[in-house]
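Student: Could we go through this structure together? I would like to begin with the sheets and then turn to the helices.

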Amino acid sequence: MNKIAKQSQPSLSSISDEITVKWFQEGVTHHLVSSQGRDPLRAGDNDVYRALSYALRDLLMEKWLITQKNFYAKHKKRVYYLSLEFLVGRSLGNTLINMGLMGEATEALEQLGYDLEILRECEEDAGLGNGGLGRLAACFMDSIATMKIPAYGYGICYDYGLFRQQIVDGYQLETPDSWLRFGSPWLYERTSFVSPINFYGRVMSYVDEQGHYRSKWVDTEVVMAMACDMLVPGFNNDHVINMRLWRAKASRELDLENFNVGDYIGAVESKVRTETISKVLYPSDDICEGQELRLKQQYFFVAATFQDIMRRYRKGNSDFIDFPNQVAVQLNDTHPAIAIPELMRLLLDEEGLGWEFAWDICVKTFAYTNHTLMPEALETWSVEMLSRVLPRHMEIIFEINRRFLDEVALKYPGDVRRKCDMSIIAEDGTRRVRMANLGIVGSHSVNGVAELHTELLKTRVFKDFHEMYPGRLNAKTNGITPRRWLLKANPGLSTLIGENIGYDWITDLDRLRALERYAEDVKFQKRWQEVQLENKKELAVLIQKKCGVEVKADTMFDIQVKRIHEYKRQLLNVLHVIDLYHRMITDPEADITPRTVIFAGKAAPSYWRAKLIIKLINSVGELVNNDPRIGDRLKVVFIPNYNVSVAEKIIPAADLSEQISTAGTEASGTGNMKFSLNGALTIGTLDGANIEIREEVGEENIYIFGMTAEEVAFEKVSKSRTPRQIFEQNYQVHRIVNSISHGMFSRGDTELFAPIVEDLLNENDPYLLLLDLESYLECQELVGLEYQNQQEWTRKSILNVARMGKFSSDRTIKQYAEEIWGVEVE
């Protein structure tokens with residue numbers, strides 16, 4: 001029998017009270033009964049997980065209230081971080097670590113007969129994001145809270161995440177990620193914060209009493225946005241901020257007109273249709289309805305957020321003169337860029353301001369972060385759809401564009417090409433609104449997320465804008481929070497580091513430099529290797545459980561985990577695996593370092609080429625893993641349903657980190673930083689933040705191959721070597737490609753992977769796989785040889801960790817705060 005029944009109700013009086021083992025035990029007992037209606041004698045692991053989470057949420061809320069009062073008392077400028085994604089992962093472990101309560105909670109639960117690690121596995125990953133953009137936003141929230149910046153995150157409370165990935169016969173199968181099917185103890189529903197959001201309708205124009213032209217948006221459909229708060233604690237500082245996530249609610253529960261005439265289905269149909277806005281992250285945009293829903297999602301959370309901003313601002317202000325001095329809005333990519341015409345609408349139509357004054361406020365308030373270099377990935381919306389869904393906003397965008405193009409014409413008279421390229425409205429073919437152009441025109445700061453990314457924005461993607469607005473484009477290299485990605489994810493390594501150099505690195509990552517003096521210490525290296533081996537053993541257990549493949553922890557763990565996309569070049573990695581397989585078969589005595597090659601990541605449901613790459617990975621693994629001639633020398637695994645919690649288990653176990661995107665395609669990447677911070681060595685191209693990682697860790701401690709961004713651009717034009725020429729001239733490449741085309745990995749089916757072979761040999765392959773393959777194979781050969789010298793490899797591993805200080809999200813947020821937002825950092 002567990003001991004929970006013996007505990008009494010907790011007393012949560014003051015946050016200055018010491019949080020003890022007894023407090024935890026009382027809190028768990030109280031919330032089992034009061035929040036869940038559970039008999040403590042019959043409580044299971046999931047019940048206790050939720051009770052523990054509710055108890056911690058009580059404490060977080062007390063701290064949050066005091067934090068908010070402090071903001072108001074000191075009249076601090078507020079920062080509003082708008083993001084369609086926040087990939088926060090699980091909250092329980094992170095909360096305990098940041099609040100310094102892991103020890104007390106562990107002991108309390110042990111005394112009650114429960115294992116905290118088992119309880120942590122009861123928590124679902126929050127389905128609030130997908131890839132790097134969402135994970136960056138989550139890291140930023142952690143740093144903002146830790147650095148005591150007066151800020152809020154704003155997004156959508158999705159009922160369903162992207163999808164839950166299963167691998168069936170090697171293929172990706174998508175099933176719903178219903179992470180909220182039982183609710184979440186970490187979400188506060190704020191029923192008192194409900195805002196009406198308008199769609200469709202028409203614009204009515206009139207002249208007001210002062211003779212000014214005015215517009216009014218009328219005959220709209222109304223959706224209600226209800227606030228759901230998720231609290232984010234800073235590290236050991238009693239500072240708690242919140243992410244406010246909006247959930248769609250019908251403006252009324254039932255359509256009474258239909259209900260009263262007996263049409264019960266029709267009565268609820270409107271409610272169901274309305275609430276789909278916040279149902280799922282990234283609805284498919286293959287069809288018009290999906291595109292419209294995505295646009296509605298973006299406006300929905302932006303409009304609700306600005307009602308919140310206005311409410312807060314009006315508490316102490318009667319006019320808008322001081323608005324940019326009290327409000328900073330950061331747009332995380334173009335998804336929230338509709339906020340620019342929304343603020344203009346509020347200032348013009350609701351507040352009665354003139355255009356010039358409203359626009360000045362707007363530009364001084366907004367800042368925009370760009371996350372892509374690929375023109376095809378820059379978001380656009382058809383003028384027809386935007387005019388129908390948001391008619392007043394389309395009018396405002398047209399006026400913004402008219403005035404902007406007048407500026408362009410004044411500065412560059414007669415330059416028609418420049419006006420066409422810079423216009424917010426694309427006129428070629430179907431008229432479309434270029435949201436990135438809108439973001440640049442309507443913001444005082446536009447930042448890239450790595451030095452190379454920003455330079456390419458200035459010289460290629462947004463060259464005209466850089467010339468028009470010198471200084472507006474700037475670099476803010478991404479970062480990661482060391483609290484989650486080292487302290488939490490890798491407790492063994494964190495403890496080893498802390499025992500030798502102290503723990504100040506947790507909030508000042510540059511302190512890791514002190515590890516350099518241990519890089520050649522043989523005893524320290526041995527302990528470092530022991531920690532790494534233990535991490536690999538834990539991952540091997542997970543692989544056995546999820547993939548049914550037994551891998552050996554004493555092999556090199558060669559890992560590539562990220563969204564599956566052609567530009568990220570998981571296919572290049574597979575080609576190397578195939579080469580290793582051939583070499584091991586043809587020369588069994590060859591001195592080839594044993595490897596376990598690990599993949600994970602999701603492909604968009606409609607992205608069939610990426611899904612075919614997943615199939616190829618699994619098909620190669622099926623053959624390699626079951627070939628008795630290979631044994632344990634080479635294993636290939638694809639871990640399904642990659643998410644933050646899975647990443648926390650994979651990354652600390654990596655020996656080699658694959659960061660192999662085509663140079664000039666990856667804006668930054670943060671996976672590269674997480675791996676390096678945990679001691680993995682990187683094999684990569686000079687792309688994104690890889691360049692800055694090389695600068696920090698030293699070129700001798702990273703493995704760089706392939707073309708530079710400049711060389712890639714040259715090859716795409718000159719085609720000095722074609723993929724087919726390489727295929728015909730290089731025996732290794734010929735053997736690799738032929739084995740795919742001849743059906744070696746598809747049970748003799750020569751059609752299954754034919755599209756992949758065609759892409760590889762296509763002279764217009766935008767990702768230049770075969771042009772980089774030779775260099776990649778050579779570099780991988782060097783990696784294998786150097787891994788055999790474990791003393792030297794470990795030295796490099798230690799130096800990688802020691803030199804990762806630049807890549808803390810604390811540093812990134814400090815730059816945003818001081819150089820963009822204009823707020824002080826305590």
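Predicted model: local features only at pLDDT ≥ 70, side-chain atom pairs only at ≥ 80, totals over all residues.

Student: In what order do the nine strands of the open sheet run?

Tutor: The order is 5-8-9-2-1-10-11-15-16, and the pairing is mixed.

Student: Which strands stand at the edges of that sheet?

Tutor: The edges are strand 5 (187-199) and strand 16 (473-475). Each has a single partner strand, so one side of each is left without a neighbour in the sheet. From one strand to the next, the twist averages 25°.

Student: How many bridges join strand 8 and strand 9, and in which sense do they pair?

Tutor: Strand 8 (residues 221-233) and strand 9 (residues 240-250) are antiparallel and pair over eleven bridges. Within this pair, Met230 stands opposite Met243 in strand 9.

Student: Which strands does helix 6 touch?

Tutor: Helix 6 (residues 132-146) packs on the sheet and touches strand 1 (78-82), strand 2 (151-156), strand 8, strand 9 and strand 10 (327-332). The direction of helix 6 makes about 55° with that of strand 8.

Student: And what does helix 9 touch?

Tutor: Helix 9 (residues 288-314) also packs on the sheet, where its contacts are strand 1, strand 2, strand 5, strand 8, strand 9, strand 10 and strand 11 (366-369). Its direction makes about 110° with that of strand 5.

Student: Turning to the hairpin of strand 6 and strand 7, which residue there takes a positive phi?

Tutor: Gly211 does, with phi near 85°; the hairpin has five residues between the strands. Strand 6 (residues 202-207) and strand 7 (residues 213-218) pair in the antiparallel sense over six bridges, and Val207 stands opposite Tyr213 in strand 7.

Student: What is the order in the open sheet of three strands?

Tutor: That sheet has the order 12-14-13, with antiparallel pairing. Strand 12 (380-382) and strand 13 (425-426) are at its edges with a single partner strand each, so one side of each lacks a neighbour in the sheet. Two bridges join strand 13 to strand 14 (residues 432-434), and Ile425 stands opposite Val433 in strand 14.

Student: Now the helices: at what angle do helix 22 and helix 23 pack?

Tutor: Helix 22 (residues 570-586) and helix 23 (residues 608-625) pack at about 20°, and their axes are 10 Å apart. The two helices are therefore roughly parallel to each other, and their crossing is left-handed.

Student: Which residues meet there?

Tutor: In helix 22, Gln570, Leu571, Val574, Val577, Ile578 and Tyr581 meet Ile613, Leu616, Ile617, Val620, Leu623 and Val624 of helix 23. The residues of this contact divide into eleven nonpolar, one polar and no charged.

Student: How do helix 6 and helix 33 pack?

Tutor: Helix 6 and helix 33 (residues 809-821) pack at an angle of about 75°, with axes 9 Å apart. That makes helix 6 roughly perpendicular to helix 33. Cys139, Phe140, Ser143 and Ile144 of helix 6 meet Ser809, Asp810, Thr812, Ile813, Tyr816 and Trp821 of helix 33. By residue class, this contact divides into six nonpolar, three polar and one charged.

Student: Finally, how many salt bridges are there?

Tutor: The count comes to 68 salt bridges. One of the pairs is Arg90 with Asp125, at 3.3 Å from N to O. This pair links distant parts of the chain, 35 residues apart. Arg90 is in the loop between strand 1 and helix 3 (92-98), while Asp125 is in the loop between helix 5 (116-120) and helix 6.

Definitions and conventions. Residues numbered from 1 in each chain as written. Heavy atoms only, no water. Pairing = 2+ DSSP bridges. Helix = DSSP H or I, 4+ residues; strand = E, 2+ residues; numbered from the N terminus. Axes fitted to C-alpha atoms, helices over the stretch in contact; angles between N-to-C directions. Contact = heavy atoms within 4.5 Å. Parallel < 35°, antiparallel > 145°, perpendicular 65-115°, else oblique. Left-handed = near helix turned anticlockwise from the far one by under 90°. Nonpolar A, V, L, I, M, F, W, Y, C, P; charged D, E, K, R; others polar. Salt bridge = Lys/Arg side-chain N within 4 Å of Asp/Glu carboxyl O.
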